[in-house]
Amino acid sequence: MVLVLFVRHEIEKGLTMEKEFWMQAWEDRRIGFHQSQYNPVMTEHYKDLELKDKNVLIPLAGKSKDILYFIERGANVTAIELSEMAVKEFFEENGIVPQLSKTATHTIYESQGLKFVCGDFFSYSPDQGKHFDYYYDRACIVALPMEMRQSYYKKIESLIAIHTDIFIITFAHNGPKDFGPPFYVPEEEILTAYKNIGFDLNFTVFNESKAEGRFKEAGIDKMKRLHWKKQI
Ligand SMILES: C[S@@+](CC[C@H](N)C(=O)[O-])C[C@H]1O[C@@H](n2cnc3c(N)ncnc32)[C@H](O)[C@@H]1O
């Protein structure tokens, strides 16, 4: 019992620290992950898939332009992001005026084809059970420290179903283990985590480069980008 309480306390402490880190990152404009164009690897994956009227889950969404790609293809997107600054910037920069409503835990910004949930992903539950047809995840897993990632995989499990198409993009480096975000996440961890929640994934390395800037200063030499899909 004492151990259970201790573990719960450590997870809650980790959650609070993680949230504070990201709120501050947006305030300080440490948002080098943000892309001003659609992610080309993402568009390649979805180009031949039917998105019209499908439900798409985009967790830890930032102010990603990729959200617009799905809306333009006729999908219904649910994006979730902690930082109100990010959510507001998404609407302002894209010239969209949303309607606002509040739940006990989140602020909901809605516009044509988009429900942008502002608040903590870990306390988000959709109105009707498992219903997402597509789950698109870019730079989310590596945004979370190791002690948070098991909760993340569990949360994803509660939101997707066996029919859900999965497309994940991660950014990998070879340590040190406490550097991040983006954190060092072994490929084996992701394969095992998704297998444990019922999905066999395959990964492909689509880009490799030498480390630069803060990565090089931290002793990292190699970086790579990977995408992950369900095995066919
Ligand atoms: C590395 S960024 C990736 C953003 C986006 N997926 C993209 O590709 O631009 C991670 C994002 O997760 C958000 N985030 C971190 N913890 C969160 C949480 N507990 N709930 C919701 N969003 C969170 C951060 O504010 C940040 O915008």
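Reader: Which domains give residues to the shell around the ligand, and where does the ligand lie relative to them?

Author: A word first: this is a predicted model. Two domains give residues to the shell, domain 1 (1-31) and domain 2 (38-230). The ligand therefore lies between them.

Now the shell itself. The ligand is surrounded by 16 residues. The closest are Glu18, Glu81, Asp120, Phe121 and Arg138. By type, the shell residues divide into ten nonpolar, two polar and four charged.

Next, the polar contacts. Take Arg138, one of the closest residues. A polar atom in the side chain of Arg138 is 2.6 Å from an oxygen atom of the ligand. Asp120 is also among the closest. An N or O atom in the side chain of Trp26 is 3.0 Å from an oxygen atom of the ligand. How much of the ligand does the protein cover? On its own, the ligand has 600 Å² of accessible area, and the protein covers 97% of that. As for the site as a whole, the space that the ligand takes is the largest pocket.

Begin with the loop between α1 and α2 (40-46), where Arg29 lies. Arg29 is not a glycine, yet its phi is positive, about 60 degrees. Why point this out? Because most residues other than glycine have a negative phi.

The other details belong to the loop between β7 (160-173) and α6 (187-196), which holds Pro181. Pro182 is found in the loop between β7 and α6 too. Look at the peptide bond from Gly180 to Pro181: this bond is cis, with omega near 0 degrees. Then comes the bond that joins Pro181 and Pro182. That peptide bond is cis as well, and its omega is about 0 degrees. Most peptide bonds are trans.

To return to the ligand: domain 1 and domain 2 both contribute to its shell, so the ligand lies between them.

Notes:
Residues are numbered from 1 along each chain as its sequence is written. This is a predicted model: local features need pLDDT of at least 70, side-chain atom pairs count only at pLDDT 80 or more; totals for chains, interfaces and linings use all residues. Side-chain values use heavy atoms; hydrogens and water are left out. A residue is near a molecule or strand if one of its heavy atoms lies within 4 Å of it. A polar contact is a pair of N or O atoms within 3.5 Å; within protein, one must be able to donate a hydrogen and the other to accept it, and residues adjacent in sequence count only if both atoms are side-chain atoms. Accessible areas come from the Shrake-Rupley method with a 1.4 Å probe; for residues, only the protein chains shown count as cover. On a 1 Å grid over the protein atoms alone, a cavity is a set of points where a 1.4 Å probe fits but cannot get out, and a pocket is an open set with protein on both sides within 12 Å along at least five of seven lines; lining residues have an atom within 4 Å of a point. A molecule sits in a cavity or pocket if more than half of its atoms lie within 2 Å of its grid points. Ala, Val, Leu, Ile, Met, Phe, Trp, Tyr, Cys and Pro count as nonpolar, Asp, Glu, Lys and Arg as charged, and the others, Gly among them, as polar. Domain bounds come from an automatic or database domain assignment. Helices (H or I, at least four residues) and strands (E, at least two) are DSSP runs, numbered from the N terminus.
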